[in-house]
Amino acid sequence: MTDAHTTPHIAEQAGTLLLGGDLRVHRLGFGAMRIVGEGVWGPPRDRDEALAVLRRTVELGIDFIDTADSYGPQISEQLIKEALYPYPEGLVIGTKAGFARTGPAQWHKLGRPEYLKQQVELSLRNLGVERIDLMQLHRIDPEVPLADQLGALVELQREGKIRHIGLSEVSVDELSAARAITPIASVQNRYAPSFRQSEDVLEQCEKDGIAFLPWAPVDRGEMAAPTSPLDSIAAEHGISPVQLALAWLLHRSPVMLPIPGTSRVAHLEENTAAATVRLSEDEVERIGRFLS
């Protein structure tokens, strides 16, 4: 396997997909949730390392960064701007709105149109951009009609402040209902080799050419544990279980865009090196059966 530490733009080896039909990105992105404090709250423990992670991200050829207004809150977006602005050509930043935060590890769905519009304006300012490439509804608020929630984003899209609209944590029926209101460029659901409850959503995204962004793609670190169920298979390739999990995702579907996150440069380089791992169809099937 190629060494990410010595190989520039290694993420390019993951291949590409078209996000929203017009933004070509490499199929291995970066999730910027972990660059903030514990409980996804407050500043990072090591600010210099967080900034170094972001700068190393683009050096490795990663050209899609996923964040959210609620990470920090706002701090993740602000760090991205501090580390990378003016942004390199071709870098796509996706963010999200739809949660209110009241403290560490506290998340409250909030989809009132006026709140979503306010948060988009804050994201524009925090990221230092005039238009957000991908704005995802972080969660559907059951207390607010879906048409009103997406309608707020569509209105901002018409004003030129949003390029593409996406969703997070939705079912096939919710995806269908959303697409009846506006085109959907992406779906971000929890998905990992050992957590595949969104298999039907992934299959629908693949059928319709919608990017699927799995969050917690190594199942909250389970794949990195010494007792990882992927350990023996990973050893056959001379790689870590985390790298094997990410490689499996890349092989699982052409619309898959994993966004592993980390607060350390060393872990970022390890994750990105998964772009070079090549699995046979039999191995992909074997891993899928093993973890089902």
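1. Helices α2 and α3. In this predicted model, α2 spans residues 75–84 and α3 spans residues 113–127. Their axes come within 8 Å and cross at roughly 30°. Angles under 35 degrees count as roughly parallel. The two helices, α2 and α3, are therefore roughly parallel to each other.

2. The α2–α3 contact. On the α2 side, the residues are Glu-77, Gln-78, Ile-80 and Lys-81. They meet Ser-123, Arg-125, Asn-126 and Leu-127 of α3. By class, this contact holds two nonpolar, three polar and three charged residues.

3. The largest pocket. Its volume is about 910 Å³. The lining has 35 residues, and the closest to the pocket centre are Met-33, Arg-34, Trp-215, Ala-216 and Gly-261. Sorted by class, the lining of the largest pocket comprises 16 nonpolar, 12 polar and seven charged residues.

4. Helix α9 and the largest pocket. Which helix gives the most to the lining of the largest pocket? Helix α9, residues 265–272, does, with three residues.

5. The second largest pocket. Here the volume is about 200 Å³. Residues lining the second largest pocket include Ile-35, Val-36, Gly-37 and Glu-38. Pro-44, Arg-45, Asp-46, Glu-49, Ala-50 and Ser-263 are also among them.

Technical notes
Residues are numbered from 1 along each chain as its sequence is written. This is a predicted model: local features need pLDDT of at least 70, side-chain atom pairs count only at pLDDT 80 or more; totals for chains, interfaces and linings use all residues. Side-chain values use heavy atoms; hydrogens and water are left out. On a 1 Å grid over the protein atoms alone, a cavity is a set of points where a 1.4 Å probe fits but cannot get out, and a pocket is an open set with protein on both sides within 12 Å along at least five of seven lines; lining residues have an atom within 4 Å of a point. Grid points are joined across faces, edges and corners, and a volume is the space filled by probe spheres set on the points. Helices (H or I, at least four residues) and strands (E, at least two) are DSSP runs, numbered from the N terminus. Ala, Val, Leu, Ile, Met, Phe, Trp, Tyr, Cys and Pro count as nonpolar, Asp, Glu, Lys and Arg as charged, and the others, Gly among them, as polar. Axes are lines fitted to C-alpha atoms, for helices over the stretch in contact, and angles run from 0 to 180 degrees between N-to-C directions. Angles under 35 degrees count as roughly parallel, over 145 as roughly antiparallel, 65 to 115 as roughly perpendicular and the rest as oblique. Contact means heavy atoms within 4.5 Å.
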